[in-house]
Amino acid sequence: MSNHQRLDDGMRWRIVGRLEAGQSQVQICREFNLAPSVVFNLWKQFQDTGSIERKPGQGHPRATTATEDRYLSNIARRNRGATASQLYHDLYTATGTRVSRVTVSKRLHKTGLLARRPAVCVPLTSMNRRVCLTWCREHRDWSMGQWATVLFTDASRFSLNTNSRHTFIWREPGTRYLPSNVHKIDHYGGGGLMVWAGIMLDG
């Protein structure tokens with residue numbers, strides 16, 4: 001049993017019973033894999049109060065309130081690219097509460113926000129979209145014979161200095177391709193390699 005696990009009432013009574021029967025605290029710690037302080041405090045509580053129940057509020061207090069948790073969630077949704085450190089500073093500025101970056105991440109995880117790499121796409125202008133849509137409408141009724149004479153070609157540029165991919169955003173599961181979670185990139189800078197290829201229905 002982990003030293004950090006809370007003992008249920010049944011286990012607490014078993015330990016007290018063994019102590020009353022004369023078993024040493026050292027033996028109990030070894031048998032149940034408990035820290036000496038856990039057994040010592042339980043035995044002292046029983047001797048002082050005759051009870052083994054945990055006191056209300058016992059344990060480490062929460063670093064943030066429910067209102068502060070909602071505040072973190074709201075600012076992360078408004079600025080999905082903010083780091084945990086930036087969110088911590090926003091929280092401290094607004095409320096004066098000091099928390100760690102780990103605490104910020106845990107609070108956001110509980111609200112369904114996870115740190116993930118954003119999807120990347122090449123932005124299309126309104127003209128690009130209009131031309132593509134027009135072309136699709138003009139060819140939607142073509143037969144297989146007509147498509148067999150078409151050579152489909154494409155060119156792709158592989159950049160030698162791409163995005164570092166170290167950028168993360170806060171998003172909910174299943175929302176990778178929502179517009180708010182997609183980063184549009186039309187240039188990377190540096191050198192690159194252009195690859196061109198074509199394919200036909202009849203080979």
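Guide: What follows is a set of questions about the terms used for this model, each answered from its value and its cut-off.

Visitor: What makes up the model, and how are its residues counted?

Guide: This is a predicted model, in which local features need pLDDT of at least 70 and side-chain atom pairs count only at pLDDT 80 or more, while totals for chains, interfaces and linings use all residues. Residues are numbered from 1 along each chain as its sequence is written, and side-chain values use heavy atoms, with hydrogens and water left out. The protein has eight helices and six strands, where helices (H or I, at least four residues) and strands (E, at least two) are DSSP runs numbered from the N terminus.

Visitor: Why are H4 and H6 called roughly perpendicular?

Guide: The axes of H4 (residues 66-78) and H6 (residues 101-110) cross at roughly 85° and come within 9 Å, each axis being a line fitted to C-alpha atoms over the stretch in contact, with angles running from 0 to 180 degrees between N-to-C directions. Angles under 35 degrees count as roughly parallel, over 145 as roughly antiparallel, 65 to 115 as roughly perpendicular and the rest as oblique, and H4 and H6 are therefore roughly perpendicular to each other.

Visitor: Which residues of H4 and H6 meet?

Guide: Asp 69, Leu 72, Ser 73 and Ala 76 of H4 meet Val 104, Arg 107 and Leu 108 of H6, contact meaning heavy atoms within 4.5 Å.

Visitor: What makes Trp 142 partly exposed?

Guide: Buried means under 20% relative accessible area, exposed over 50%, and partly exposed in between (1.4 Å probe, protein chains only); Trp 142 has 31% relative accessibility, so it counts as partly exposed. Trp 142 lies in the loop between H7 (126-139) and H8 (144-147), and, leaving aside neighbours within four places in sequence, Trp 142 is in contact with Trp 147 and Val 150.

Visitor: Why does Asn 33 count as partly exposed?

Guide: The relative accessible area of Asn 33 is 45%, which is why Asn 33 is also partly exposed. Asn 33 sits in the loop between H2 (25-32) and H3 (36-49), and its phi is near 55°, a positive value in a residue other than glycine.

Visitor: How do you know that the buried residues of H5 lie on the same side?

Guide: The buried residues of H5 are Ala 84, Leu 87, Tyr 88 and Leu 91. They cover an arc of only 105° around the axis, which puts them on the same side of H5, the arc being that of the directions from the helix axis to the C-beta atoms. Among the elements covering these buried residues are H4 and H6.
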